[in-house]
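User: Hi, I'm new to this one. Could you walk me through it?
Analyst: Happy to! Here it is.
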Amino acid sequence: MQNLEQIRARNALNFANKFQVKGENGGEVIKKVSPLIQNHGLLATAAYSFADKDEKEGWQRVFDAIACHLADKDIAIVEPTCTDRTKLMEVLTRKETTSETLKLATSETMAWLTYARRFVKKG
């Protein structure tokens, strides 16, 4: 059985390899997400990824990857069908979702970002 550190690293490495989020937009976005979550919260920072597609592609990819990580069967903070940022926002803002779930999602996102920042490189 893998521990949480192994799962986080695996998912972050898969994200870095699969989405090729490199270069000015992708490489810089991954460094900006953690401080913004700390200052504004997960929901407010995720909302930023819904701006114009051409302008925010790196943000969209990062938050799609966060959704996939939180839905991973070994993490299971959100249900397995939550595979993109739109579904993630729907799940985290619905009436049945507790503030405890949002806190867990935020904490796990910050832990995952620790690895993602290391795997995603500037172009």
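Analyst: A quick term before we start: Ala, Val, Leu, Ile, Met, Phe, Trp, Tyr, Cys and Pro count as nonpolar, Asp, Glu, Lys and Arg as charged, and the others, Gly among them, as polar. Also, this is a predicted model.
User: Thanks! How do the residues lining the largest pocket divide up?
Analyst: There are 5 nonpolar, 3 polar and 2 charged residues in that lining. The pocket holds about 160 Å³ of space.
User: Which residues lie nearest its centre?
Analyst: Asn11, Asn14, Phe15, Ala65 and Cys68, out of 10 lining residues.
User: And which helix gives the most to the lining?
Analyst: That's H1, with 5 residues. Helix H4 (57–71) also supplies at least two.
User: Switching topic: how many salt bridges are there?
Analyst: The structure holds 8. In one of them, arginine 8 pairs with glutamate 5, and their closest N and O atoms are 2.8 Å apart.
User: How far apart are those two in helix H1?
Analyst: They are 3 residues apart, so about one helical turn separates them.
User: Is arginine 8 buried or exposed?
Analyst: Buried, at 10% relative accessibility. Glutamate 5 is partly exposed at 38%.
User: What does glutamate 79 pair with?
Analyst: Arginine 94, with the closest N and O atoms 3.2 Å apart.

Terms used. Residues numbered from 1 in each chain as written. Predicted model: local features only at pLDDT ≥ 70, side-chain atom pairs only at ≥ 80, totals over all residues. Heavy atoms only, no water. 1 Å grid on protein atoms, 1.4 Å probe; cavity = no way out; pocket = protein on both sides within 12 Å on 5 of 7 lines; lining within 4 Å. Points joined across faces, edges and corners; volume = space filled by probe spheres on them. Helix = DSSP H or I, 4+ residues; strand = E, 2+ residues; numbered from the N terminus. Salt bridge = Lys/Arg side-chain N within 4 Å of Asp/Glu carboxyl O. Buried < 20%, exposed > 50% of the residue type's maximum accessible area, 1.4 Å probe, protein only.
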